[in-house]
Amino acid sequence: MTAIDQSILTLILLVPLAGAILVALLPDRAKLPNWIALFTTLVTFVLTLHLPAHFVSGQSGFQFEVNIPWIQSPAIYYHVGVDGLSMWLVVLVGLLAPIGVAASWKAIETRRKVFYSLFLVQQTAMFGVFVSLDLMVYYGFWELSLVPMAVLIAMYGRKDGPRAALKFFLFTFIPSAPLLVAILWLYARTGTFNFSDLQYYTASGVLPAGAMFWVALAFLFAFAVKVPVFPLHGWLADTYNEAPVALAMVVAGKLGLYSMMRFHVGLFPAQARALAPLLIILAIVGVLYGACLALVQRDFWRLMAFAALSHLSLIVLAIYGLTLTGWSGAVYQILSHGVVDGALFLLLGVLEVRYATSAIASYGGLATRLPRAATYFVIGALAMIGLPMLSGFIGEFTILSSTFTEVSRSAAIWAALGVILGAAYMLSLVQKLFYGPESTLTISRPPADLKFGELAILTPLVVLMLVMGLAPSLWFNAIEPGVHPPALRKSLVSLPAPARGQVLLLWRNGSQQPVQITTHTEGQR
Amino acid sequence: MNPVPDIYRILPEVILTLTGVAIMLVDASIPPAWPRRYLGFLAAIGTTIAIWASVWQLSLPEGTGFFGTVETSAFTVFFHVLICGIVLAALLLSLDALPTYSHHQGEFYALIVFGAVGMCLLTSAVELLLVFIALEISSISTYILAGYRKETGRGPEAAIKYFLLGSFATGFLLYGIALIFGATGTTQVYQAARLAPVAQNQPLVLAAMALMLVGILFKVSAAPFHVWTPDVYEGAPTPVVALMSTAPKAAAFALLLRVVYEIFPHLRSVWEPLLWIVAVLSMTVGNLAALRQQNVKRMLAYSAIAHAGYLLAAFAGIGSIGIAAAAFYTAAYAAMNVGVFAVIVLVAGYDEQLSLIGDFRGLIYRSPLLGSLLIFFLISLIGIPFTGGFFGKFYSFSAAVGGGAIALAIIGLLNSGLAAAYYLRLALVTAQRPAEDEPARPMPHVGPAAIAAVALAVLVTLVLGIVPGATLHAAQSAAHTLQVPPQPSEAPGIPLQSGQ
């Protein structure tokens with residue numbers, strides 16, 4: 001068993017990559033690339049399920065850890081591991097992958113080889129971001145995750161693919177330049193890329209505070225663009241509009257939000273706390289701005305993009321509230337958003353394939369012609385709005401209540417207003433698409449309700465929404481020990497000591513005099 | 001006494017020279033109707049043997065030969081292998097890319113090999129006059145190769161421009177060498193290095209260094225000595241551009257390393273800010289100009305200028321860290337640049353039917369293999385992790401950060417963000433669906449030799465990006481030999497002319 005535990009994360013990283021190479025090498029005949037991709041993603045999903053099955057709940061620190069030297073100079077380690085924060089995100093990526101493949105089954109008809117191998121590379125990059133505990137390895141996967149996405153948007157964009165892809169790529173790539181400088185600066189000061197070691201150094205206060213402010217800001221900036229946080233969301237709508245459905249499902253939010261929790265707040269708690277009020281304000285602006293813009297969109301992909309901006313901003317609010325409950329809610333909401341958004345994307349993709357338009361006004365009265373699609377869409381929309389008993393409720397409620405009681409009442413009230421607006425745009429979307437008089441477009445095409453394959457994908461997602469809404473403790477038990485918002489004194493001192501030993505040598509700003517620090521032990525739980 | 005026979009010290013150069021002479025003789029002696037393509041294989045075999053000979057030189061004790069004029073060390077071997085590797089890839093590429101009817105094919109291959117002789121000698125020469133001769137050997141071959149496509153107007157124009165400006169720049173280098181001789185009384189690198197700090201006429205030493213820097217920076221096409229680059233790249237045949245944008249640059253960077261770190265380490269306070277400015281200028285000018293190009297080769301020419309800037313950033317690094325970073329970057333840049341030009345040769349053909357960015361639209365739909373390869377190399381040029389380009393930039397900028405030039409690193413990384421815009425524009429156009437009214441273009445012909453060349457480039461780019469350890473180790477030992485030169489007692493041939 002231990003052998004599997006040791007290698008499980010490596011397997012999760014390598015299986016999609018192997019699948020990608022296999023797809024690239026085998027001929028593009030019939031549906032062969034599709035089947036290989038589906039098989040690979042299913043195997044990967046089963047592998048990711050190993051994590052929750054063997055995860056020791058209630059234990060803090062990383063599990064399934066692997067730490068072996070990779071490159072000597074600079075000292076880069078292949079260091080991977082998961083904790084409560086990242087484990088379910090890995091499973092979520094694993095779950096969405098086969099669904100993405102299935103969603104592309106009909107939609108992608110040309111150059112399937114290129115599509116599926118890049119899709120699988122994207123999987124590896126996403127897993128890599130979630131499991132890397134070495135900053136350089138993390139940065140590597142972070143950058144790698146851009147490439148397949150950009151190429152696929154350019155290849156399969158609906159109207160103006162290359163422009164959207166360029167926007168997407170540059171928006172994320174340019175902020176990662178300061179991020180790399182910041183990582184290198186940390187390495188130059190501390191001599192390590194190891195997450196736990198760095199966490200210790202930044203908490204110990206030996207690094208100059210002035211420079212740390214800029215380093216933390218570089219981290220935050222890169223992540224805030226990726227989420228996106230309010231004024232940095234320029235890429236989002238175009239990307240949603242142009243990206244193939246399978247990729248839009250996997251791209252949104254997760255990487256940036258996770259990175260904020262792990263690498264911004266996790267590494268720079270003091271700096272994060274200093275900037276938290278600003279981010280809370282930006283998050284509220286984002287919630288309201290996204291919701292208001294979603295209200296007036298005429299294209300459902302753009303509507304989903306601004307809805308995502310609104311929902312992701314709510315999670316940002318929870319993260320920078322810096323409370324334990326808020327963080328648990330944030331992780332939960334990321335998971336829920338992934339599932340719900342995935343289902344809604346699938347359904348909208350189905351509509352677009354059948355009716356060849358994404359203009360909301362062209363639709364109307366679909367409910368009588370596609371009753372099953374309407375049912376599933378309504379459930380998804382309600383889950384997104386946050387109806388009790390569905391997954392969205394738990395996350396939103398936890399976030400809002402923790403903000404109200406522990407952070408700021410006015411913030412919670414404004415954010416709740418955004419949630420209400422969310423109900424307005426989602427319900428009006430449902431109304432315009434599925435109810436009301438049948439439009440000429442809906443009459444002109446033969447009614448084609450969801451087929452068996454589509455139902456087979458959507459039903460598990462809907463069931464998952466229900467289970468997540470009814471039994472959230474299944475997830476919270478694992479999430480809670482993994483989140484360490486720095487507001488809690490306890491979590492600050494429970495940082496694991498660096499693996500190197502009890503005495504650390506640090507070179508203080510410029511001088512060659514080593515400063516001795518002995519690890520303090522009072523915080524070990 | 002020196003136990004190593006002198007001839008071993010220049011074994012790769014000898015092998016390459018013999019190969020080149022053999023090609024010319026065979027070319028002249030076989031009937032005109034016979035195909036000349038097989039001479040290319042002869043050249044490739046000779047180059048492969050030369051690579052082997054360079055690696056074998058590692059087993060020799062480090063030291064100089066021929067009265068202290070040539071050196072073998074980890075440094076020379078590193079650059080020999082790199083240069084011969086590039087030449088090998090360029091030869092393989094030319095084998096498939098050169099049209100079979102083209103005339104003077106034998107000369108073409110011979111010139112490439114003779115150019116390689118000059119470049120190899122340039123990295124191993126430790127006598128400034130020999131440096132000058134080596135530079136001329138390599139430059140003259142490159143001038144002729146640049147004008148090889150005589151049927152278009154641009155070829156000769158490129159060659160003449162390159163020749164005039166290049167000769168002018170070489171004049172600067174020669175002036176610098178003369179002034180060194182004036183200040184120290186010697187042109188042997190180690191002796192000059194020992195005597196330069198104690199020379200009475202320090203302004204003369206300073207002037208010598210400045211003139212030599214101008215000459216070398218021209219060869220690496222760093223701003224503000226870069227104006228020849230786009231025109232020459234555009235006019236020269238693409239297989240030649242694959243060669244001349246990498247191999248002579250690698251040799252010139254080796255020379256630059258030798259000059260600044262070995263002859264003038266005591267003037268660091270002077271050349272470091274100078275190279276800082278040149279680095280920033282090169283990156284910024286190169287990238288800004290590349291953004292506006294529509295012609296793919298011109299765009300890559302400006303990007304080559306920017307890459308010279310990234311590489312020069314490594315010179316801000318202290319001691320062997322900077323040298324190793326520069327050497328590593330040279331290797332990474334060579335691999336991906338040869339690769340990108342190789343793909344362009346294969347897509348556009350020798351007569352360059354496709355030259356604008358728009359012409360590459362939908363390449364991935366026409367030819368998934370070439371399209372994916374082009375995107376791969378462009379991604380490496382952007383500097384995405386797990387490719388050689390990433391670690392090249394990484395080591396270069398971390399050397400700069402380590403040397404205290406944080407501003408340089410930030411400017412460099414922002415520049416690489418800027419550069420991503422135009423590389424990506426080409427990559428995304430390649431991935432874009434072809435326009436409906438687009439005329440059907442012929443499937444590019446890809447022969448086995450060209451496949452081998454591209455595979456070599458892909459392999460090196462991936463190895464440098466995923467397991468850079470071995471190459472970095474080689475670059476570090478190269479850096480070490482440059483820091484600690486062999487004992488001068490091994491060169492008893494030249495009496496020390498001190499006492500000025």
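This is a predicted model: local features need pLDDT of at least 70, side-chain atom pairs count only at pLDDT 80 or more; totals for chains, interfaces and linings use all residues.
User: Is Y320(A) buried or exposed?

Analyst: Buried means under 20% relative accessible area. Y320(A) has a relative accessible area of 1%. Y320(A) is therefore buried.

User: With which side chain does the side chain of Y320(A) make a polar contact?

Analyst: Leaving out residues up to four places away in sequence, Y320(A) touches L220(A), M260(A), H264(A), V265(A), A272(A), A276(A), L279(A) and I280(A). One of these is also a polar partner, side chain to side chain, at 2.6 Å. That partner is H264(A).

User: How far apart in space are Y320(A) and F115(A)?

Analyst: In sequence, 205 residues separate Y320(A) from F115(A). In space, the C-alpha to C-alpha distance is 37 Å.

User: What share of the area buried between chain A and chain B comes from carbon and sulfur atoms?

Analyst: The contact takes 35 residues from chain A and 36 residues from chain B. The buried area is about 3000 Å². Carbon and sulfur atoms give 83%.

User: How do the residues of the side of chain A that touches chain B divide into nonpolar, polar and charged?

Analyst: Between the chains there are 0 salt bridges. Residue pairs in polar contact, both at pLDDT 80 or more, number 5. Elements supplying at least two residues each to this side of chain A include strand 1 (63–71) and helix 8 (176–190). The division is 29 nonpolar, 4 polar and 2 charged.

How values were computed. Residues are numbered from 1 along each chain as its sequence is written. Chains are lettered from A and ligands numbered from 1 in the order in which they are written. Side-chain values use heavy atoms; hydrogens and water are left out. Contact means heavy atoms within 4.5 Å. Buried area is the accessible area (1.4 Å probe) that two parts lose on being put together, summed over both. A salt bridge is a side-chain nitrogen of Lys or Arg within 4 Å of a carboxyl oxygen of Asp or Glu. A polar contact is a pair of N or O atoms within 3.5 Å; within protein, one must be able to donate a hydrogen and the other to accept it, and residues adjacent in sequence count only if both atoms are side-chain atoms. Helices (H or I, at least four residues) and strands (E, at least two) are DSSP runs, numbered from the N terminus. Ala, Val, Leu, Ile, Met, Phe, Trp, Tyr, Cys and Pro count as nonpolar, Asp, Glu, Lys and Arg as charged, and the others, Gly among them, as polar. Buried means under 20% relative accessible area, exposed over 50%, partly exposed in between (1.4 Å probe, protein chains only).
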